[in-house]
Amino acid sequence: MMFLRSVVGKLWFTILLLVAFVLSILTVLLLEFFENYNINETRQDLTYTAEKISANLQQHGGEELGIGLEITWGLLDEVTNAVVIKDETTYYNSPGEDETRRIPVPYFLNDQEMLSVFEENKGIDKIITYPLDNQTETQFLIIGVPLQNFEGGDGAVFVYQSLEVMEKTMQQTTQIILISAGVGLVLTTIFAFFLSTRINAPLRKMREAAFEVARGKFDTKVPILTNDEIGELATAFNQMGRQLKFNMNALSQEKEQLSSILSSMADGVITFNRDGTILITNPPAERFLRYWYYEQGASENTDAVPSKVMELFQLAVNTVNEQVGEITLQGRSFVIIISPLFNKKTIRGAVAVVRDMTEERKVDKLRDDFIANVSHELRTPISMLQGYSEAIVDGIAETHEEKQEMAQIIYDESLRMGRLVNELLDLARMQSGHIQLELEEVDLESYINRITRKFQTLAKDKDVQLNTVIETETAEFPFDPDRIEQVLTNLLDNAIRHIQTSGSITVKVKSIGPELLFEVSDNGPGIHEEDLPFLFERFYKGDKSRTRGRAGTGLGLAIARNIIEAHKGNISVRSKLGQGTTFSFFIPRNNELL
């Protein structure tokens, strides 16, 4: 069965069936032709012989009858018999034949067609079946011709021959034809197998090459052995392999490029199937989903999607319009934009872009706070300037001392406004990268002692103990002394203003590898935990009262952070309510800045 299903088997069976059909028809036609041909030839020979005998006996009649009969019998061959009949009593059979193989004379005289030769003087030819030996029925071809003027009257000559001879001839002819047909079938089988093999061998190689290509070996080539259609097919297959390799490489490059783009995107991308199943996600989108899984207490292996996202997805699919929504997870704000994906005219899914808007919302809040804080910081001194100047103009201050006091207040508030404006300008320059550092090797001990001495008077006024600890491997370290003094001054001023009476403040300098660590610690009331992430933002103040006297402008820590970052360092804060606060900043040893 496997053989018949193969190309070789199908071609062999088809060719063999076609040849067998043609040979069968040809055999039948040839046998029919040879049978008719033999009968016609025999009929012509027997007719010629009968006419010859009739003419011979007419010529040699009377006394020469014996000579005529001898000549007549000489005209017959071994398988041909003849009988010359005048009447029931006068007839002559050809000699040399077994009596049992002869047709009796009465048969010729009793048959109506045979009698027509006697009565109507016309010839006949007839095929009869006559039983010989009372058993076997044998077919004979009989040719009868009239015989005139024979022994004083008319008679007839009947020449007959058994068709067994023709049957034997036909059997031999049939055997020859069948042998020829068998030889033809054998040769056809050999030719079919040869032809099929020549066709099937390249096809097998193409099949093997196709499997290799299916396994990813696109360099596989089919040998071109012929210039016919199979050779053209091999050429087309090789061209297909090269084009397929080119297309696969192009697809692979596009896939890698798309994967790189998705991985490097700051926004999350989620691709959905038509039924809402997640197909593709990039790292930001995976983080977004992890936030949701964590908030819902679900496993990260689940395929669940936030209900808000699924609602937007259904709206995008149903309305065929882009949908926008916002969701908050773990204190972070995400904006989700879902657009439908089309396959020609039908929707095959949707793509969601998840954008983390936390920083933007924070910036918006800080901007709003900045405007409010600046307005607040400027409103008080402006109001005071306006009120006291009006009092002087209106003559409310009558004495010189009152005018001097009001003028002093106006002067102090103008200085405060000037400091605010200068600090804003300094902060803007720092954030824009225009800060200029004047680095030099600084003697740490004398430098720290000089700064702390400036605050000794303030510390004594509040009964605060101001300590200094220096633990450095080297006496000198490169940095901008004026800028770092600005940082330390701000930290010490904040500590003294917020610490309670009889507290302590410690300034510590320590070497940690190539870095220099500064710490300003106090045992004051501490800072609320929710305020710690915002301490270094502009105008942010831990005490929400914003009372004058204790509260500054709210820019000092923001300026300090920019100064430390300009030194390639970082600043941080640690605090607990009732246990105090510690501000720390690191400065690396960076000789390239010198």
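**Exercise 1. Work out how α12 and α14 are arranged relative to each other.**

Solution. Now the numbers: α12 (residues 444-454) and α14 (residues 481-498) pack at about 40°, with axes 11 Å apart. Their crossing is right-handed. Next, list the contacts (heavy atoms within 4.5 Å): Y447, I448, R450, I451 and K454 in α12 meet P481, I484, E485, L488, T489 and L492 in α14. Sorted by class, this contact has 7 nonpolar, 1 polar and 3 charged residues.

A note before going on: this is a predicted model, where local features need pLDDT of at least 70, side-chain atom pairs count only at pLDDT 80 or more, and totals for chains, interfaces and linings use all residues. Residues are numbered from 1 along each chain as its sequence is written, and side-chain values use heavy atoms, leaving out hydrogens and water.

**Exercise 2. Describe the surroundings of Q323.**

Solution. Start with the location: Q323 lies in strand β8 (residues 323-329). Its relative accessible area is 16%, so Q323 is buried (under 20%). Then look at its partners: the Q323 side chain makes a polar contact (N or O atoms within 3.5 Å) with the side chain of T319, at 3.2 Å. Leaving aside residues up to four places away in sequence, Q323 touches L312, L315, A316, I336, I337 and I338.

**Exercise 3. How many residues of α15 are buried?**

Solution. In helix α15 (residues 556-566), 9 of the 11 residues are buried, so the helix is largely enclosed by the rest of the structure. Among them are G556, L557, N562 and A566. Finally, step just past α15: K568 takes a positive phi of about 65°.

How values were computed. Axes fitted to C-alpha atoms, helices over the stretch in contact; angles between N-to-C directions. Helix = DSSP H or I, 4+ residues; strand = E, 2+ residues; numbered from the N terminus. Parallel < 35°, antiparallel > 145°, perpendicular 65-115°, else oblique. Left-handed = near helix turned anticlockwise from the far one by under 90°. Nonpolar A, V, L, I, M, F, W, Y, C, P; charged D, E, K, R; others polar. Buried < 20%, exposed > 50% of the residue type's maximum accessible area, 1.4 Å probe, protein only. Polar contact = N/O pair within 3.5 Å; in protein donor to acceptor, adjacent residues only side chain to side chain.
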